[in-house]
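Here is a short report on a single protein chain. Keep the sequence and the 3D view open while reading.

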Amino acid sequence: MRIVNLTLFTLLVLSEASTQNIFHPELSGLLDSSNAPFYFGVASGDPQEDGVVIWSKIIPENIEPQQVSWEVALDTLMQNVVGSGSVMTDASSAFTVKVNAGGLKPGTTYFYRFKHKDTFSPIGRTKTCKTTDPDQLRFAVVSCADYQSGYFNAFGDIAQRNDLDAVIHLGDYIYEYGSWRPGRKRMLKNQYRSHIPDKECTTLKDYRTRYGQYRLDPQLKEAHRLHPFIVIWDDHEIANNASIEGPGNNRQKAEEWELRKAEARQAYFEWLPIRENPEKSIIRKFSFGNLAELWMLDGRLEGRSAQAKGINDPALQSPDRFMLGEAQTAWLLNGMKESKASWKIIGNQVIFSPLNDSKVFSRTPSIGMDRWDGYPVERQRIFDFFYENNLKDIVVITGDVHTSWAFELTSEPSNPGVYDKKTGKGVIGAEFTTPSVTSFNFDEIVPRFITWEAKRRFKKKKNNPHLRYLDLNRHGYLTLTLTKEYAQADWFYIKKRDRIDERVKKKATRYLELGGQSLEKCQPSD
Ligand SMILES: [Fe+2]
């Protein structure tokens, strides 16, 4: 009897723990019961020519496995249904639901919804890849959305657009930080919303709760409902400055780090509309007919070595240090060499172009160890391959730096003599960096006059001759438009971070002609 009671007690405790794990009690104040059980809305992603991933999550009344049905239609009234089915979900995936909706037509807008018991989810909108000779593609490109640093007005503006093929998210979708970070006085001044849980995320439960908090943000939720997302993680989905060896501060035992990476990876795959695969890998390619191919890379958890300790660390120049690792690099380069697409797009976490910031912050030489500058040997191998195989029309899109940059893509200045700014010799494409949705940028951590001086020094011709646009102070997103004639980046900036305000202004444009060798300004186009 005592044994039975003990077993019952253990089961109750376990069940209680599991329930808390799944139902996110810390979020209860944010849940609107009129949205039950689909509190977190719907999302779609990883479009292909004949299908797309559709996503939702329920909070059921108990932790028994639950059936959820879905349907995809050609119309907003969900009358012309072209696909439907039902799936089971349970506590092992925190009651998230992910369906590969197939049998669809290319370049077509679809509507979808889920149903649990008698309740329908909101209706989502999505789009399959254009593959039959598309004239134009347009992506919104985003990164670095820190919930604590302001409202997601950039997502609010993206939600309202109807000229996008997809939203490309380059990482820092969440931040793992607790709700207070010592030593960042200016950040605290600008802190408008607090993180839940009130601690650094290190466990599956923490990460799940953090994703839940972000996904209750109305602007992010609406952007997901109305556009397919193509996502990769950067470091903050796991830990600051993560590599395969550990977080940037290296204060974690190896076995703890392995567990933390696995749990962060699981939560990411539960919450993001990314296509499932056994390895939970984010490395994948998207094809848009003969107009473009897009390679989405993992520069964090696949092959990245720990950062070098500085410019004088002999490890910096070691041929055995990697950002991507040999297998991923081979996959990327072979794919690019064989590609017949006009534009070869690389979706990447950190700045790829060589960037000379030696004289920007100090008189002593320095480089950013978290960028590709910190992995120079592997990057040079990649540049060498591009040049040897005469690969051109490459566009690298980048997040991470919370600021806006446009570079002519060339291995200069790390490889002097390759590039001639006047003639465009050595230019094989462009790199466009998207600003942060909200995360701190220059003028939020240093006084403005330092920002102005930093910008002046970055833009000095002899420091960075290939730099063609720079903004260090604004938040927002960029759009990448591709046609058979040009690749164009447009930077859109939000007006406010401290209140919901979806006024967004286009401030800058840079475009590169197909086969062209210089990045030009052009008149803003729609
Ligand atoms: Fe970031």
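Is C201 buried or exposed? C201 is buried, at a relative accessible area of 0%. This is a predicted model, and every value below is computed from it.

**Cysteines**

The disulfide count is zero. C201 takes part in no disulfide. The nearest cysteine sulfur to that of C201 belongs to C144 and is 16 Å away. In general, a disulfide is a covalent bond joining the sulfur atoms of two cysteines.

**Accessibility at a glance**

| Residue | Relative accessible area | Class |
|---|---|---|
| C201 | 0% | buried |
| S121 | 6% | buried |
| S281 | 17% | buried |
| D198 | 59% | exposed |

Start with D198. It sits in the loop between α3 (185-189) and α4 (204-215). D198 counts as exposed because its relative accessibility is 59%, and the cut-off for exposed is over 50%. Beyond its neighbours within four places in sequence, D198 touches G178 and S179. The C-alpha atoms of D198 and G178 are 5.2 Å apart, although the two residues are 20 apart in sequence.

S281 is in the loop between α6 and β12 (284-288). Its relative accessible area is 17%. That is under the 20% limit, so S281 counts as buried. Which residues does S281 contact, leaving aside its neighbours within four places in sequence? They are R265, F269 and I274. A315 is another matter: 34 residues along the chain from S281, with 27 Å between the C-alpha atoms.

S121 belongs to the loop between β7 (119-120) and β8 (124-127). S121 is buried, at 6% relative accessibility. Apart from neighbours within four places in sequence, S121 is in contact with F38, V42, R113 and F114.

**Aromatic pairs**

How many aromatic pairs does the model hold? The count comes to 25. One of them joins W233 and Y268. This pair is edge-to-face, with 5.0 Å from centre to centre and 75° between the planes. W233 lies in the loop between β11 (228-231) and α6 (254-271), while Y268 is in helix α6, so the pair ties together parts that are 35 residues apart in sequence. Both W233 and Y268 are buried.

The pair also belongs to a cluster linked by ring pairs. Its members are F40, W55, Y173, Y211, W233, Y268, F269 and W271. F269 is also one of the contacts of S281.

**Cavities**

Rolling a probe the size of a water molecule over the atoms shows where empty space remains. Here there are two cavities of 30 Å³ or more. The largest cavity holds about 60 Å³ of space.

What lines the largest cavity? The lining consists of L297, L324, L332, I346, N348, F352, W372, I382, F386 and V396. By class, that gives nine nonpolar residues, one polar and none charged.

Methods
Residues are numbered from 1 along each chain as its sequence is written. This is a predicted model: local features need pLDDT of at least 70, side-chain atom pairs count only at pLDDT 80 or more; totals for chains, interfaces and linings use all residues. Side-chain values use heavy atoms; hydrogens and water are left out. On a 1 Å grid over the protein atoms alone, a cavity is a set of points where a 1.4 Å probe fits but cannot get out, and a pocket is an open set with protein on both sides within 12 Å along at least five of seven lines; lining residues have an atom within 4 Å of a point. Grid points are joined across faces, edges and corners, and a volume is the space filled by probe spheres set on the points. Ala, Val, Leu, Ile, Met, Phe, Trp, Tyr, Cys and Pro count as nonpolar, Asp, Glu, Lys and Arg as charged, and the others, Gly among them, as polar. A disulfide is a pair of cysteine sulfur atoms within 2.5 Å. Buried means under 20% relative accessible area, exposed over 50%, partly exposed in between (1.4 Å probe, protein chains only). Helices (H or I, at least four residues) and strands (E, at least two) are DSSP runs, numbered from the N terminus. Contact means heavy atoms within 4.5 Å. Rings of Phe, Tyr and Trp (its six-membered ring) pair if their centres lie within 6.5 Å; planes under 30 degrees apart count as stacked, over 60 as edge-to-face and the rest as tilted.
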